[in-house]
Amino acid sequence: MNTPNNKRRRDSQKRIEMAFVKLLQYKEFNEIRVTELCREAGVNRTTFYANYDDLFALADAVQKNLEAQVFDLYREERERKYNSNDFLKLFRHIRENQLFYKTYFKLGMDGRFQITEYDVGQAARFYDSNYIEYHMEFFRNGLNAIIRMWLKNGCRETPEEMESILRAEYMPKRL
């Protein structure tokens, strides 16, 4: 029986998602066809459509999986309502999952979701609550931009170096 969480179904979904991510490394989303995706994943079209309505649903599933992984990185912090500003966890996760992050950005998913939550309280302390929405937008987009650049350059720098770069740019500077 093909129940939602059985091992066979999960394995098929994983193969389909991995094939999708692989194809997106050298093709645009609108160039991918279900038939070639199924061939790459080693599944038939029936299996694809048993799991996803279409390629857009598959893209959404890939996005949700990656976002869930990122949320899990900071689960304890959210549950305890504190912010360690530990971006090293994030940079390590990105380096280990480069293809998924490249796919995430290639599909423009970063516009719908921000990779990390923003600590409004901390920003308010650093910036006296002045124009905090602008600061938040600046930080989020800046973080996404350096992640994109790091991925584009093949993650040459270590996660520790990336965290150091981020901290150097983010620390409040008084002019």
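The points that follow are grouped by topic.

The model is predicted. In it, helix α4 and helix α6 pack against each other, and a search of the whole structure finds 6 aromatic pairs.

**Helix packing**

- Helix α4 covers residues 55-73 and helix α6 covers residues 87-96, and the two pack at an angle of about 145 degrees with their axes 10 Å apart.
- The crossing that α4 makes with α6 is right-handed.
- On the α4 side the contact is made by L66, Q69, V70 and L73, which meet K89, L90 and H93 on the α6 side.
- Sorted by class, the residues in this contact of α4 with α6 are 4 nonpolar, 2 polar and 1 charged.

**Aromatic rings**

- Of the 6 aromatic pairs found in the whole structure, one is formed by F48 and Y52, whose rings lie 5.6 Å apart from centre to centre with 40 degrees between the planes, an arrangement described as tilted.
- F48 and Y52 are both buried.
- Y104 and F105 make an edge-to-face pair, because their ring planes stand at 85 degrees, which is over the 60 degrees required, while the ring centres are 5.7 Å apart.
- Y104 has a relative accessibility of 3% and therefore counts as buried, and F105, at 7% relative accessibility, also counts as buried, since the cut-off for buried is under 20%.
- One aromatic cluster is formed by F20, F29 and F56.

Notes
Residues are numbered from 1 along each chain as its sequence is written. This is a predicted model: local features need pLDDT of at least 70, side-chain atom pairs count only at pLDDT 80 or more; totals for chains, interfaces and linings use all residues. Side-chain values use heavy atoms; hydrogens and water are left out. Axes are lines fitted to C-alpha atoms, for helices over the stretch in contact, and angles run from 0 to 180 degrees between N-to-C directions. Helices (H or I, at least four residues) and strands (E, at least two) are DSSP runs, numbered from the N terminus. A crossing is left-handed if the near helix is turned anticlockwise from the far one by less than a right angle, and right-handed if clockwise. Contact means heavy atoms within 4.5 Å. Ala, Val, Leu, Ile, Met, Phe, Trp, Tyr, Cys and Pro count as nonpolar, Asp, Glu, Lys and Arg as charged, and the others, Gly among them, as polar. Rings of Phe, Tyr and Trp (its six-membered ring) pair if their centres lie within 6.5 Å; planes under 30 degrees apart count as stacked, over 60 as edge-to-face and the rest as tilted. Buried means under 20% relative accessible area, exposed over 50%, partly exposed in between (1.4 Å probe, protein chains only).
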